[in-house]
Amino acid sequence: MADKGEMKSEEADLSADIKDWSKHQVRLWALKEAAVEDKFADILFQQDINGSSLLLLDKTDLKDLGVTLGPAKLIIHARDELLKFRKEQPSGTINQSGGLCKPYPFQRYHDACRYMENSILDVPESGASDYIEPCHEYKAFINTPDENKMCKFTTEVIRFAAACMNSRTNGTIHFGVGDKPDFTHGEVLGVDINDKEAYENALNLAVDDCFEHKHKRAAKMCIKPPRFVGVLNKDMTSSQKCVIEVDIVPNSTICEENIYSVSLDSKKGKKKAKGKETDKTEPKQSKPFFIRDGSSSRNLLAPTTFAKPMEEFNKFVDSVAQLSQLRKQAEEKHLKGVKSTVQGSRLSQMITGGTQSLDQSHFEQYVIVTNKSHPGQLESLTFLQELNPAAVLDFDPESTKNGLQQHFEELSTVNVHLPVKYKITEGVENIASKLKLTRNTSWVLCNGGVEDEVPSDIENWLIEKGASVRDVISFLCRKDVLPSKRFLVVFLLLSTVSEKMDPLVETFSIFWQELKGTEQILCICENEKAFTYWKDLIEARCGTNISRRCIYDLSFAEVNGTILSLLSENRRSKHFLPCGGGSKVLFEKKVERSLNTLDVLCVNQCEGGNENKIVIEGNFYKGGKVSWWNFFFSEQPGSTPFIKRDQFDFIMNTVLPDLSSLRKACVLFSLMHLPGCGGTTLAMHTLWAHKDKFRCAVLKDSNADLAEVATQVVKLLRDAHEEQLPQVPVLLMIDDFEDMDKVFDLKQLIEKECVTHDIQSPQVILLNCMRSDSSEQTETTGETVFIGNKLSEKEQKQCEQKLKEIEKTQKNLDTFYGFMIMKKNFSQEYIQGVARNTLKSFNIDHKYAQLIAVLALLNVYCKGASLSVSLCEEFLGLQPKAFCGSDRVEDGFGSFSTLISAITVEAKVVFKAVKMIHSSIAQHCLQELATTHSVQIAMIANLLLTTDRFYESTQGKDSLMQNVHCMLVKRYHSKEEESHFSPLIQDIAKQSQGLEEMVLNASKRFERDAIISQLLARYYYLKKRDFKEAKDWARRAKDLNPPILQTHQHK
């Protein structure tokens, strides 16, 4: 009986004649190529189906064996396709030409994938299969005269593209890949290209010339730009050749139920085809109509000998609606098939030996084994510097010229050696000392490229260089060189390994033998296809399954970010974004600064900072806005957890999971809350709790350009995922939007931006934190959560626990109004007492008293309004110092300083400002000023409108003007009545005097504002019944803005 290793090798080798296959090989083929479930492959195995039996099977036989219809069709189809493929191959061509290789990843441009000369693409030319898996067409393109190449290229692409678009299948056409009879089917030849841009330009012109005008836009969206894939020589050195590839992606949203005829004669000035899309009459100019038919593109309107030449065309046209529906279903199924991964956590576990920290890693040393790199990979390999490997076994013969060694040498000190230096000719310690092993990285070039060492091709490497590399590995694995069981060998596969004679397969085998297993080996592959090749080759060579020791679901950018984040120094100095499954990417400073409308919450937010906990927490408990630091401090040892509102778990466990399952690019839920009840804090707490699962951000300015916001949100989503479906959604918090129309506008713009980048699954979740004017609780649903001003018993207990902690660390607890209002369960008596006691010394003649009155007015009648620090300093006469900063503006408010907090306003210009600490306190302050100090809101409003100093050139002037304008004209409606005036004007009217003076002052402050003039017209018409005056103001409003409506549009 064959031993286990031989059996594994036999199973993996499916290159022999099918009739010679064993039942083991049939089972393996059924799993890998026919892609049926294990249970159906096991049926074939249990029934002793070998290669000869497989050739005789039909669907009836399989049904009798218990194989259901779907898998039975897959088995028969895969067998027939394989027979067809083998029949097309001349005897022994695989060995004569080269090993099998996978095609370049579909619809990608920046992958580090290159072909090797004479290798064979392992996909045959084909027709439509499942609409998503691309069909392929090969063109040698090496015998075409130079003067005809561009015409040949564009004609073939247009023909192939029209066929794919009509058949609704993805596809790739390859130029520089051979076909029978002159070459092996799928053989990589490569072509010399001097001007790549010319091909792209020519293709764009060809689309304009060949497609009907109404279809040009769709064609340009479906036909992707040419991709130029480099071709390596057989010894892994670079050549000047490349393969030109064009991907076709006929998305259902683009093609809908259209059909596409093309003109390949390049004539211009073509007349528009008349009739509907699905008109079954033959086009007057008999434009070709291509479909994919097997491995070729066939023109259904080509002259035939049939009596009814249009019959097949009409039949196809009738099927277009069904084809479109099948394409749409396939796209949805493909989206659902995008799997989640936990490989980020697995990588963290394996690279550190289980400690999850490189600072305290189980492994003392690292050895890297790598192959041919691509320039696009190098920036994502900076983690190698942090690992500081003892040795790197590099199989790229051009590494010192333009590869990984050259890049690494710019970052760290290395010593370059040939393997012969490791041969034991003297004492081991002497050799290690000469090599400077473990002091500097020893870079071992295992396939030449230095000291005139000529590189070997794959077939000859083992004979020419294999023995010396074995000496290197044996030396490194000695217990007196590297610490036993305390070093990790990392196979970093920068290029796909697809041949059993590849040097890396032999290298793995030697390490596996020396280390007696795989526990000290980690393999990192760029994608799942590369992993599959690698796993199968190692299983065939060593008889062991290395799946659990491999990382393949992460891009190198994600691998880089995940490993860098395992060092505490990096967590303090760099920012990282989540990528799903515990993986991370480095959030580059340049990208972070470009997202200037967003406050992005990183995975390692606040780590390594030195902010003053006492000051930050004191500001929050006094009533200041919550910051990320508050959540961070609450998670530190010795702290009680952040107070969790009852709705927090519902949002975490129900709302967000439900929204994430919807098949929409952008979804929305609203967090409605009464002012001052902690709605913003709950929303930010939700983001903090999800910073490892979502890419979280807060919109800085609700008045920002929404189109720019949408662009930046999708940029955040796609960071490090430019050409693949993002694994981690964006959770965007928007706060203080005035109405839902604006929220929906942003949602629509984000959806539009997602369509631009072909993002169709739920990838952006909008958390709309919005104030509610009604104290009646809104019913909580999957789309709306309400936060009121009454704490549950559970929430009150958390407040009691937090108070005990605060008492130990903070002073002046009696001024922590923000916290105490919540602890007192939003007691109106408590808030009224705070206002009364604080304002007992109020004197309207004092500057700081006037400011506190204005701030209270702004806070009550214009949500979130504030005054800039520079304005307050000017008004109070505080002089900034040229050195050591200036006086704290809060101190200028005297005894009222406990009622205000400092904030940063994100507007057209970012500036520091002050505002009232709590909306309820502001409301009660206005009441206290009116009842106790006879300062009515009309008096405060007139003070605000007539004091020129407020509107002089200073920071925040524009924001103040907008806020004052808003509280004068913005009206609110209820179901019961329609409001004719803003709440401010209505409240002043109730106080019986001062309204006319106030609106006239408003007209002077906003002298050339049509809306204010219209307000005066409405005031005189409805309040004073002075129709002449009303008419004068209405005429003035019209003169200032002719298109203005009689009734100002309001929200």
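Modeller: The expected span of a helix is 1.5 Å times one less than its number of residues. This is a predicted model, and the helix to look at is α30, residues 793–809. Helix α30 has 17 residues, and 24 Å is the span expected for it. From its first C-alpha to its last, α30 reaches 25 Å, which is close to that value.

Next comes burial. A residue counts as buried when its relative accessible area is under 20%. In α30, the buried residues are Glu795, Gln798, Cys799, Lys802, Leu803, Glu805 and Ile806. The list includes Lys802 as well as Leu803. Among the elements that cover these buried residues are α24 (613–622), α25 (628–634), α26 and α31 (817–823).

One of those covering helices, α26, spans residues 646–660 and contains Leu659. Leu659 has a relative accessibility of 4% and therefore counts as buried. In sequence, Leu659 is 106 residues away from Ile765, yet their C-alpha atoms lie 7.6 Å apart in space. Across the protein chain, counting contacts with a separation of 6 or more, 72% are between residues 24 or more positions apart.

Helix α37 has 13 residues and reaches 19 Å between its first and last C-alpha, close to the expected 18 Å. Its buried residues are Ser959, Leu960, Asn963, Val964, His965, Met967, Leu968 and Val969.

A pair of helices shows how two such elements can meet. The axes of α33 (residues 847–861) and α36 (residues 937–946) come within 10 Å and cross at roughly 105°. Angles of 65 to 115 degrees count as roughly perpendicular, and α33 and α36 are therefore roughly perpendicular to each other. On the α33 side, the residues that meet α36 are Gln850, Ala853, Val854, Leu857, Leu858 and Tyr861. On the α36 side, they are Ile937, Ile940, Ala941, Leu943 and Leu944. By class, this contact has ten nonpolar residues, one polar residue and no charged ones.

Finally, the whole chain. The protein chain has 41 helices and 28 strands. Of its 1051 residues, 53% are buried. The chain exposes about 49,000 Å², and carbon and sulfur atoms supply 48% of that area.

Definitions and conventions: Residues numbered from 1 in each chain as written. Predicted model: local features only at pLDDT ≥ 70, side-chain atom pairs only at ≥ 80, totals over all residues. Heavy atoms only, no water. Axes fitted to C-alpha atoms, helices over the stretch in contact; angles between N-to-C directions. Helix = DSSP H or I, 4+ residues; strand = E, 2+ residues; numbered from the N terminus. Parallel < 35°, antiparallel > 145°, perpendicular 65-115°, else oblique. Contact = heavy atoms within 4.5 Å. Nonpolar A, V, L, I, M, F, W, Y, C, P; charged D, E, K, R; others polar. Buried < 20%, exposed > 50% of the residue type's maximum accessible area, 1.4 Å probe, protein only. Areas by Shrake-Rupley, 256 points an atom, 1.4 Å probe, with all protein chains shown as cover.
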